[in-house]
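Here is a short briefing to read alongside the model. Have the viewer open, and follow the helix pairs, the domains and the ligand site in turn.

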Amino acid sequence: TYEELYEKNRRYLWNPFTQMKEYLADEPVIIESGYGCRLRDVKGNEYWDGVSSVWLNIHGHQVPELDAAIREQLNSIAHSTLLGMGNVPAILLAEKLVTIVPRGLGKVFYSDSGAEAVEIALKMAFQYWKNRGVDGKTTFVTMREAYHGDTVGAVSVGSIDLFHQVYAPLLFPSLKIPFPNPYRNPYGESVEDVVNGSLRAVEEVFQKQGDQIAAMIVEPVQGAGGMVPMPSGYLRELRNLCSAYHILLIVDEVATGFGRTGKMFACEHDGITPDILAVAKGITGGYLPVAATLTTDEIYDAFYADYHEFKTLYHGHSYTGNQLGCAVALENLKLFEQRNLVAEVEQKAAELHHYLDPIRSLSHVGDVRQSGFMVGIELVADKATKQPFPLQQRTGVRVARRCRELGMLLRPLTDVMVFMPPLAAKLEELKDMTSILYQAIAEVTEDHQTRVA
Ligand code: LLP
């Protein structure tokens, strides 16, 4: 029963990224099953999966083809190591990934989570310069409010004070550039101002310290930092700057990859190829933990040497290249093609834009940002001045709590409501989800107004 499970959760389970005191006080949802875009808890309540189970679900839950791919693989083997040997689905998936990522990324290095894919990207970039005999390129450039995962290397290139400050003494230093955010723009009024201002800041750092910089790491849409898409063309300018100053460009597409922004990869919006690409989340359709760090043959070749040169990439996790995970990833990518899903997301996203209009007009909605099926709704105390709500009011949490009562599960980022439905969500489903969101925001922020008045 719910009570028994709740009690065992309280006694034995420490949930990730969760204040357990708050979680346990608020009748936590305990999920039992899911189907399509719906989740069902042990009490029998049903909800929309409004954030794709932390941004990763693609075709929905209990997808017959994906379920079958795992069962089929089980007839052969569940897992054997990829350290020093190969396996069938891992090799076939690597081939497939190379054909769908931006052109020029010829090699796939697996791991099991987005944070690990980032760790590997950092180590690869760092060691690349060492292996080539270039000294001193040991620093990383990142963006303010960046989020690349929760392991210590990934946190070192992270920049969200609330999450990262406490670990500061553990971290290696990185150089931080303002993210081009048109809504909170330190450089002026227009999108052009923020783009030029931020690029100038990047170039200044590159000019001064370029010979100490191994790589710059970026998210094409800043995710946990508040769902802020890079303005169009910005990433291409970064690509040019990185090339000009001999700095590797690492693009973290853990959140944006696999159709989320209306292209297979967000890099395609600007037509660029990074030196290193990190992917995870949607790679298995949201089924199993698989991640990958892709890179160019040029970087791979800097590690390819006789053993005694000690140029090996000394990194590998026990479960890396897991057969069940790779098998379901292959089937996921097959479904993408069969269903022409990326084009479909692009079309549905245009409709979704209209469904968000009523939300845009609410008096405490400061900004609605959207890239495909990646939406952030920033709630503010004052729309004219963009003044945030006081943190302790927990406005985002209260809106999410109201959404839950109305039948949708969301996880906000402070006062940015994250809305990231499964890519398979149909138009009428999106309509229902956005109307829940509208009602919850309207009610909760009105409450606030009346309380103040
Ligand atoms: N890189 C990006 C751009 C991500 O958005 C994430 C996770 C990762 C890397 C790490 O991937 P993972 O290790 O989780 O597979 N902690 C916040 C937001 C989490 C969003 C997940 N993104 C929260 O508590 O809601």
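Helix α9 (residues 191-209) packs with helix α10 (residues 234-244) at an angle of about 15°, their axes lying 11 Å apart. Axes here are lines fitted to C-alpha atoms, for helices over the stretch in contact, and angles run from 0 to 180 degrees between N-to-C directions. This is a predicted model, in which local features need pLDDT of at least 70, side-chain atom pairs count only at pLDDT 80 or more, and totals for chains, interfaces and linings use all residues. Residues are numbered from 1 along each chain as its sequence is written.

**Helix pair α9 and α10**
- α9 and α10 are therefore roughly parallel to each other (angles under 35 degrees count as such).
- The crossing of α9 and α10 is right-handed (the near helix is turned clockwise from the far one by less than a right angle).
- From α9, Val195, Leu199, Val202, Glu203 and Phe206 meet Tyr234, Glu237, Leu238 and Leu241 of α10; contact means C-beta atoms, placed from the backbone, within 7 Å.
- That contact of α9 with α10 holds seven nonpolar, no polar and two charged residues (Ala, Val, Leu, Ile, Met, Phe, Trp, Tyr, Cys and Pro are nonpolar, Asp, Glu, Lys and Arg charged, and the others, Gly among them, polar).

**Helix pair α4 and α13**
- Helix α4 (residues 64-74) and helix α13 (residues 323-338) pack at about 145°, with axes 9 Å apart, and their crossing is right-handed.
- Among the residues making this contact are Leu66 and Ile70 of α4, together with Leu324 and Val328 of α13.
- By class, the contact of α4 with α13 has seven nonpolar, three polar and two charged residues.

**Two domains**
- The protein is divided into domain 1 (2-59 + 340-452) and domain 2 (67-338), with bounds from an automatic or database domain assignment.
- Taken over C-alpha atoms, the centres of domain 1 and domain 2 are 27 Å apart.
- Domain 1 brings 26 residues to the contact, and domain 2 brings 24 residues.
- On the side of domain 1 that touches domain 2, α14 gives the most, with five residues.

**Ligand site**
- The ligand is surrounded by 18 residues, the closest being Gly114, Ala115, Gly149, Val254 and Ala255 (a residue is near if its C-beta atom, placed from the backbone, lies within 6 Å).
- α6 gives the most to this shell, with three residues.
- Ten nonpolar, five polar and three charged residues make up the shell around the ligand.
- Domain 1 and domain 2 each give at least three residues to the shell around the ligand.

Methods: Helices (H or I, at least four residues) and strands (E, at least two) are DSSP runs, numbered from the N terminus. Two residues are in contact if their C-beta atoms, placed from the backbone, lie within 7 Å. Angles under 35 degrees count as roughly parallel, over 145 as roughly antiparallel, 65 to 115 as roughly perpendicular and the rest as oblique.
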